[in-house]
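Subject: Handing over the structure

Dear colleague,

I am passing this structure on to you, with the sequence alongside.

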Amino acid sequence: MNGQTAPDIVARIDALLPQTQCTRCGYTGCRPYAAAIAGAEADINQCPPGGGAVISALAALLGRPVQALNPVHGTEAPPCVAWIDESRCIGCARCLAPCPVDAIVGAAKFMHTVLADRCTGCELCLPPCPVDCIELRPGPQPAANQAALNRERFEAHGARLQNRAAERQRELAAKKAAAPRKLAGGT
């Protein structure tokens, strides 16, 4: 790998991936898959959204032979985006959390919709929907900088979830600290 350090090669592999964060490769996102490839723990042919183009680019980068996409992980398909049939949406909000790039907007007990220009077509919103009102439809060809935008949105999503978890921990700690005073008759 031309004397590159492990973080360098992971970053270069990650830069070639489409950043859909779909988990179809068997990893929790594109960066973990890139690390697994760099560590020789995963093959270069596990990314259906990237398909043959990504496999070829990874093979060239790593000096490995080009392989066919492993069908265990899915098939290569044209870009798709999620679409919500708003007349059937019950506002359960179960689709919001799994979206790795916050492309679904809505609130509990209100209709939801997909921001098509942000949707990566990852399909992670499909299984949690109890009324099957979400479907994939053909989407636009990704922009030249789409992977970078997807990565930024995924990182922002992760940061938001971490901040929410930290805030929840602070709230719980404050409640626990206040509980002994209430039991002792304090205010």
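This is a predicted model: local features need pLDDT of at least 70, side-chain atom pairs count only at pLDDT 80 or more; totals for chains, interfaces and linings use all residues.

Residues are numbered from 1 along each chain as its sequence is written, and side-chain values use heavy atoms, with hydrogens and water left out.

I begin with the nonpolar cores, a nonpolar core being a set of buried Ala, Val, Leu, Ile, Met, Phe, Trp, Tyr and Cys residues joined through side-chain atoms within 4.5 Å. Here buried stands for under 20% relative accessible area, exposed for over 50%, and partly exposed for what lies in between (1.4 Å probe, protein chains only). The largest core has 21 residues, of which Ile13, Leu17, Tyr33, Ile37, Ile44, Leu58 and Leu62 touch the most other members. Two or more residues of this core come from each of the elements α1 (6-16), α2 (30-38) and α3 (51-62), where helices (H or I, at least four residues) and strands (E, at least two) are DSSP runs numbered from the N terminus. Apart from this core lies another, of 15 residues, including Cys89, Val101, Ile104 and Val114.

Isoleucine 44 is in contact (heavy atoms within 4.5 Å) with Tyr33, Ile37, Ile55, Leu58, Ala59, Leu62, Arg64, Pro65 and Gln67, when neighbours within four places in sequence are left aside.

In helix α1 the buried residues are Ile9, Val10, Ile13 and Asp14. Seen down the axis of α1, these buried residues fall within an arc of 135 degrees, so they line one face of the helix; the arc is that of the directions from the helix axis to the C-beta atoms.

Turning to the cysteines, a search of the whole structure finds 0 disulfides, a disulfide being a pair of cysteine sulfur atoms within 2.5 Å. Cysteine 89 is buried, at 17% relative accessible area. Cysteine 92 is likewise in no disulfide, the nearest cysteine sulfur being that of cysteine 129 at 5.8 Å, and cysteine 92 is partly exposed, with a relative accessible area of 31%.

As for rings and charges, the charged end of arginine 137 sits over the ring of tryptophan 83, 3.5 Å from the ring centre; the criterion is that NZ of Lys or CZ of Arg is within 6 Å of the ring centre and within 35 degrees of the ring normal.

Leucine 115, in the loop between β3 (113-114) and β4 (134-138), is partly exposed at 31% relative accessibility, and touches Asp102, Ala103 and Val105, residues up to four places away in sequence not being counted. Threonine 120 is also placed in the loop between β3 and β4, but counts as buried at 13% relative accessibility; leaving aside neighbours within four places in sequence, threonine 120 is in contact with Gln19, Thr20, Cys80, Val101 and Asn150. Glutamine 146 lies in helix α4 (residues 146-183) and is buried, with a relative accessible area of 16%.

With best wishes
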